[in-house]
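Work through the exercises below with the structure open beside you. Each task is followed by a solution in steps.

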Amino acid sequence: MIHQDFEEEEEMDASSTSHSLGWETGWRLYEAYNELASAAGRFEGKVEAPAVVVVGQQTDGKSALVEALMGFQFNHVGGGTKTRRPVELRLRYNPDCREAPYCRLVSDSEPGVSMPMPLADIQAYIEAENMRLESDPGQFSDKEIVINVEYKYCPNLTIIDTPGLIVPAPGRKNRILQSQARAVEALVRTKIQHREFIILCLEDSSDWVNATTRRVVMQIDPELSRTVLVSTKLDTKIPQFARASDVEVFLRPPASVLDGCLLGDSPFFTSVPSGRVGSGHEAIFRSNEEFKKAVSSREVEDVALLEEKLGRSLSKEERSRIGVSSLRLFLEELLQKRYIESVPLIVSLLDKEHRCVTRKLREISQEISSLDEVKLKERAHAFHESFLTKLSLLLKGTVVAPPDKFGETLQDERINGGSFTASDSFQLPNKMMPNAGMRLYGGAQYHRAMAEFRLVVGGMKCPPITREEIVNACGVEDIHDGTNYSRSACVIGVSKARETFEPFLHQLGFRLLHILKRLLPISVYLLQKDGEHLSGHDVFLKRIEAAFTNFAESTEHACRAKCMEDLESTTRYVTWSLHNKNRAGLRHFLDSFTGTDNSTPTTIIGNTLATKLPDSKSSNSIVVDSSCSGQSQTITEMRLVDLLDNTLWNRKLAPSSERLVCALVHQIFHGIKEHFLVSTELKFNCFLLMPVVDKLPALLREELDSVFGDDLDSIFNITQLKHSLGQRKRDLEIEFKQVQRLKEKFREINETLNS
């Protein structure tokens, strides 16, 4: 009799909310929401139907409670982590499904398609998915397994069962379990963050101070304003209480423990009998009917045990919080209320979606009608002009493109476009460059790269000169075997300059080419933003992209070749007029030779050979051939012989000669550096940057003429595009009809509810 009474009670509960709305209206409401949930993934607007998300620890009995709420077993239940994908159950009360629930598994790839499947096959599918994910590196998936269920004993609910939360032990040896715990917690937080969802928070504890599951839930719902709290496994907790007062506190926890606006004002308490349904020897229940009766019996026994512990009968309010049937009735009424409250909002969203689909259909019809040769040529010319306008805008400066998406800091630019480094691999610190941390593109990025080039190359010092290099540079002339230190200085100077500056030239070309190539995707973004992009014509766009890339690469190569010619000419023949800007400094340097060598120091000033006299009254007095007296002339001739002996006939490198050669090499290196900096920057501006403005338009126009001379069908993919656009139009027409149907359904439901 008890089983029969509770069966009638469950049947009454399952149909109560439908009767409160009216059977026809309730059925239409739930079916409309069910169809909306299937179609919502294709909508532009955010459309979320109300649902119940079950959250709990790994062993709190989540899946078992969900099965008890449904009235039949379906899930993969057991010790450890079993649920690895959320399971969304769209439950509908259907009095015609008496013998067994009618189930349909919704396709993962096509949410609008569902396939009828027996309950045993669905259970096998869920177990297979859990086992697959167990061996998968990710372990878990946030993609729901969606099942539509119709049954006489089902409430009208949408329930989402989530993987159980894990509390791993600390320590390095538990790193894998700790990683899984973080993954599950992130998945659960993602599911419960939707404000339309009701959170069913399960706690398996006899003391409400322990908030293992609430700790996670309150991160998303701090006030518990959309949370229903459930204490599971009540049958195991009742024997733990020694006094009636302990039971009172457990059933009615004080506000200091459960602070917040809890849904239902107080927790619910449930028990689900252990055991699985099946025909094997390990099965406890032979049918879902036996399982359902066992759930009802457990509820009666829990009430009796509580009354025995309390020494009194439970009040009506307390009784409404005990058992699966009470929880099911509360959830269904709560969800129905949310459904009704959401109807006006859904009608508004569907109106917006209807307008959006109508606009898309109109646009795609216009695009199909524009697929003829004349209009395609017009669109191509318009694209050509718009593309050049965007390029020019980027070089001149703009803030339309978001810097966080398209800009590069100096560090990013060095990684992607190469850095300016000498042979010693020294790199200029970022802090020495203005705007180094800013994300730049276009002309601003080009200017920063050129400024870094000037700063790096301008700060280069002449590499060290060894005595061996000087001696090796003093070869044998074609007519005598004397030494020529001026020639040696030239040989060393141009060699050092070429080795130092040539790598910088290639680095500058590569860096500026990288910056120019980046203009293409940014220009495409600006075209798309302004609705000027030729979407769908991939072959044509690839040809334009290839033409721009080839132009940039060939222009950079030609510009770099011009700079190389200039560097080669500067380092092949020394023109002293290029290196005499620092003659005063060189003169001062040579004057400092006084008294640094045992032999009388000799210097070359301009083209006059002079010798300093050690016994002169003035330390700076110089005796020059014809202007001296006979005695002085004799001394000068002696010094000249000494000079020839030290510099022409003697290959033993004196310190004074070494310093002289080093001074000349530094003078040559400095002159070449200044000329290299000025000429290189000028040539890159004239022969790389300016062609983008004055030569690229003509080149792209030639490419367009070449395109129009080819088969337009192969260039613009006219046949394939017509087919894809036609398919897209058919899909939109289906979506339009679906939105239209949903719009009418919810409009009629809204009118019925308002009346």
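**Exercise 1.** State which residues on the other side of α4 are exposed, and which residues of α4 are buried.

*Solution.* Exposed means over 50% relative accessible area, buried under 20%, and partly exposed in between, with a 1.4 Å probe and protein chains only. The model is predicted, so local features need pLDDT of at least 70 and side-chain atom pairs count only at pLDDT 80 or more, while totals for chains, interfaces and linings use all residues. Residues are numbered from 1 along each chain as its sequence is written, and side-chain values use heavy atoms, with hydrogens and water left out.

Step 1: The buried residues of α4 are L119, I122, I126, E129, N130 and L133. They cover an arc of only 95° around the axis, which puts them on the same side of α4. The arc is that of the directions from the helix axis to the C-beta atoms.

Step 2: These buried residues pack against β2 (87-93), β3 (102-106), β5 (145-151) and α9 (288-310). Contact means heavy atoms within 4.5 Å. Helices (H or I, at least four residues) and strands (E, at least two) are DSSP runs, numbered from the N terminus.

**Exercise 2.** Check the span of helix α4 (residues 119-134) against its 16 residues.

*Solution.* Step 1: The expected span is 1.5 Å times one less than the number of residues.

**Exercise 3.** Describe how α17 (residues 485-517) packs with α18 (residues 519-529).

*Solution.* Step 1: Two packed helices are described by the angle between their axes and the distance between the axes. Axes are lines fitted to C-alpha atoms, for helices over the stretch in contact, and angles run from 0 to 180 degrees between N-to-C directions.

Step 1: The angle is about 15° and the axes are 5 Å apart. The two helices are therefore roughly parallel (under 35 degrees; over 145 is roughly antiparallel, 65 to 115 roughly perpendicular, the rest oblique).

Step 2: I515, L516 and K517 of α17 touch L519, L520 and P521 of α18. This contact has 5 nonpolar residues, no polar and 1 charged. Ala, Val, Leu, Ile, Met, Phe, Trp, Tyr, Cys and Pro count as nonpolar, Asp, Glu, Lys and Arg as charged, and the others, Gly among them, as polar.
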